[in-house]
Every structure is written in structure tokens, then in C-alpha cells.
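Look through the sequence and the structure first.

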Amino acid sequence: MPSEKTVLITGASTGIGRVTAEFFAAKGWNVAATMRSPEKSDLASKSDRIKLFKLDVTDQVSVDRAVQDVIGHFGGIDVLVNNAGYGLLGPFEAQTDEQIRRQFETNVFGVMNVTRAVLPHMRERKQGRIVNVGSAAGRLTLPLYSMYCATKWALEGFSESLWFELRQHNIKVKIIEPGMIKTDFFERSREVATKEGLTAYDEFVSLVMPNLKAWEDAGAEPVVVARSIWRASTSFWPRLRYQPNATLSVWARGWVPGHLSVRLVRRLFNAW
Ligand SMILES: NC(=O)c1ccc[n+]([C@@H]2O[C@H](COP(=O)([O-])OP(=O)(O)OC[C@H]3O[C@@H](n4cnc5c(N)ncnc54)[C@H](OP(=O)(O)O)[C@@H]3O)[C@@H](O)[C@H]2O)c1
């Protein structure tokens, strides 16, 4: 029997967001696939359950309008998937203030903008789920990704604390922590910071980058994340965190002392 449930997904133009949109549509859900440039996307042609909405997570006006349009069109939002995000790569000293702020505007404040817009609606209905796409880089750290890690660690704290206060309103918060996934993330959605005349990190970068690349190349398909998002959206199990493709290093972070897990990551990425 077709479900009348609706999911709103941010950053659904490519990668995890797009595959998740198709996954939910195949399960019979209404899908509000939101993105910055819907006019460039063919996603709506994949299923008549998918409708595109324009939404830039850094623009509160666009967020509020999209949320109201989705509620107007589908009658409600059962699950919000905060997926939009990108990665700033490079030594911290090479990153400009503007680059750092933009990274937080998208990966942290963007999530807050959309969550804030959806919460009154979910509270009113006394039900809902907020599924935040974090990262394994929100549990451990990767060399040369200091700001990306900072945003994903912030998302962990935000989500976990929100979990307490939203329980009373029957709104469940979930965090998805993917490892490396084969998407546009390492090309189109990666911003590389360099600074003219700054050579002090060149050797470190040349040691780490081939190892990062090898990890990226061995990444899992985005559908494994879509499956976790689906479980987080539908399971009655009161679980907060989902790790679609957990690696030894993520596991180690939870079970061994911090200084040892940092040494493990240092060795894995040749970050001496
Ligand atoms: N790939 C991985 O290995 C990996 C691992 C862990 C976590 N993640 C997380 O997974 C999420 C999705 O990434 P992905 O791997 O699927 O990469 P992706 O294919 O590059 O998708 C990123 C999406 O975010 C959107 N986006 C960026 N800035 C936005 C903004 N201001 N407003 C609305 N949308 C915006 C992009 O839209 P445009 O098309 O408009 O640019 C794109 O749809 C991110 O949060 C990322 O941090 C990825």
C-alpha cells in the first residue's frame, strides 16, 4: 500500500542526497528533493513521487519558502534529512576567514536553518524525525580537513543535545556517520585552500594526499548511506548514531584512548 509519508532532503542534486531521494521514492514515500539549482536537475523524471524545490541552506528566506512550499504540496513533512554539505581541504594557515565562515555557514548553520524552519511544524503534529548527515570525520579527525572536521564535530554536539529536548515532542534526532563514499564530494564539492608563498606544509601535504586519495578511491557506493538514512527514518529502535561503512579507525575512536586513535589515523594517512 503506498505510504503518505514525506521526506525533505537537502542537497539532493547529486551523491548521497540524490540516491536517497530515489531510494525513498522507490519505497513509496513522497520526496521533496531540495537543491540550489533544480532547473539543472533531471531527478524528478526518475519517479513521479519526487518533486524538486529550490533551497539554499545558507539562505533563510529560501529555506522558509521551500519548507512552506513542501508542506503546502505534500501536506506535511515526516522526515527531514539534512544532507547538504561540502569539504574544505588544506592546511588551516592557508584557509581564508571567508572560506572558513562559508564552511560553517553550509555544514553547521545550514543544518540549523532548515531544522529551525521545520521544527514548529513537527511539534504541532507531535511527530517527526531529523536525520543529520554527519561524517566519520565527526567522530575522528583527518589530516588537512581541520575545518570540515570542526563542522562535523559541531553537528554531533548539536544533534546529540537536540535529541534530549525534542524527545518530549516525539521528534527523533538521528546522526548518520558515513566513511568515504564515492560521490562528487572529492571533486566538485571540495574546496582546496592554498596560500601564495606558504610552503611550510608542502612536504606534509605531499605525504598525506596520496593516502587520502587511496581512501577516497576505495569509498563505498552512496546507496549504503541511503539505506542507513532509511533505517534511521523508519526504525522504532531508539538509536542515535548510524555508521553505514564504519572503518577500523572509527571503531577505534569509540573503544581505545584518544591518543592511540590519533596515532592510528596518523599512521593510516602517513601524516608524520
Ligand atoms: N562523500 C563522502 O565520502 C562523505 C563522507 C561522509 C559524509 N559526507 C557528507 O555527505 C553529504 C553529501 O555529500 P556527498 O558525498 O553526497 O557529496 P555531493 O555529491 O557533492 O553532494 C553535496 C550536495 O550538497 C549540496 N550543497 C552544497 N552547498 C549547499 C547549499 N548552500 N545549499 C544547498 N545545497 C548545498 C550540493 O549542491 P550543489 O549541486 O548545488 O552544489 C550537493 O547536492 C555532505 O554533508 C558530506 O559532508 C560525505
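Leaving aside neighbours within four places in sequence, which residues is Thr 151 in contact with? They are Gln 103, Phe 104, Asn 107 and Val 108, where contact means heavy atoms within 4.5 Å. This is a predicted model, in which local features need pLDDT of at least 70, side-chain atom pairs count only at pLDDT 80 or more, and totals for chains, interfaces and linings use all residues. Residues are numbered from 1 along each chain as its sequence is written, and side-chain values use heavy atoms, with hydrogens and water left out.

**Single residues**

- Thr 151 lies in helix α4 (residues 146-167). Helices (H or I, at least four residues) and strands (E, at least two) are DSSP runs, numbered from the N terminus.
- Thr 151 counts as buried, at 0% relative accessibility. Buried means under 20% relative accessible area, exposed means over 50%, and partly exposed is in between (1.4 Å probe, protein chains only).
- Val 57 sits in the loop between β3 (50-54) and α2. At 7% relative accessibility, Val 57 is buried too.
- Not counting residues up to four places away in sequence, Val 57 touches Thr 10, Val 63, Ala 84, Thr 106, Gly 110, Asn 113 and Val 114.
- Val 57 and Glu 4 are 53 residues apart along the chain, and 26 Å separates their C-alpha atoms.
- Gln 68 belongs to helix α2. Gln 68 is exposed, with a relative accessible area of 51%.
- From Gln 68 to Ser 261 the distance is 44 Å, C-alpha to C-alpha, and the two are 193 residues apart in sequence.

**Helix packing**

- Two packed helices are described by the angle between their axes and the distance between the axes. Axes are lines fitted to C-alpha atoms, for helices over the stretch in contact, and angles run from 0 to 180 degrees between N-to-C directions.
- Helix α2 (residues 60-74) and helix α3 (residues 97-125) have axes that come within 9 Å and cross at roughly 35°. The crossing of α2 past α3 is right-handed. A crossing is right-handed if the near helix is turned clockwise from the far one by less than a right angle, and left-handed if anticlockwise.
- On the α2 side, the contact is made by Gln 60, Val 63, Asp 64, Val 67 and Ile 71. On the α3 side, Asn 113, Val 114, Arg 116, Ala 117, Val 118 and His 121 take part.
- The contact of α2 with α3 comprises six nonpolar, three polar and two charged residues. Ala, Val, Leu, Ile, Met, Phe, Trp, Tyr, Cys and Pro count as nonpolar, Asp, Glu, Lys and Arg as charged, and the others, Gly among them, as polar.
- Helix α1 (residues 15-26) and helix α6 (residues 223-234) have axes that come within 9 Å and cross at roughly 55°. That angle makes α1 oblique to α6. Angles under 35 degrees count as roughly parallel, over 145 as roughly antiparallel, 65 to 115 as roughly perpendicular and the rest as oblique.
- α1 passes α6 in a right-handed crossing. Ile 16, Val 19, Thr 20, Phe 23 and Phe 24 of α1 meet Val 223, Val 225, Ala 226, Arg 227, Ile 229, Trp 230 and Ser 233 of α6.
- By class, the residues of the α1 contact with α6 are nine nonpolar, two polar and one charged.

**Salt bridges**

- The count comes to 14 salt bridges. Each is a side-chain nitrogen of Lys or Arg within 4 Å of a carboxyl oxygen of Asp or Glu.
- Glu 191 pairs with Arg 102, and the closest N and O atoms are 3.0 Å apart. Glu 191 is in strand β8 (residues 190-192) and Arg 102 in helix α3, so the pair links distant parts of the chain, 89 residues apart.
- Glu 191 is buried, at 17% relative accessible area. Arg 102 is partly exposed, at 32%.
- Arg 241 and Glu 177 form a salt bridge, with closest N and O atoms 3.1 Å apart. Arg 241 is in strand β9 (residues 241-242), and Glu 177 is in the loop between β7 (171-176) and β8, 64 residues apart.
- Glu 177 is buried, with a relative accessible area of 1%. Arg 241 counts as partly exposed, at 22%.
- Arg 139, Glu 156, Glu 160, Glu 177 and Arg 241 are linked in a network of salt bridges.
- Glu 221 and Lys 182 meet in a salt bridge through their side chains (4.0 Å, N to O). Glu 221 lies in the loop between α5 (202-217) and α6, and Lys 182 in the loop between β7 and β8, so the pair ties together parts 39 residues apart in sequence.
- Glu 221 is partly exposed, at 45% relative accessible area. Lys 182 counts as partly exposed, at 39%.
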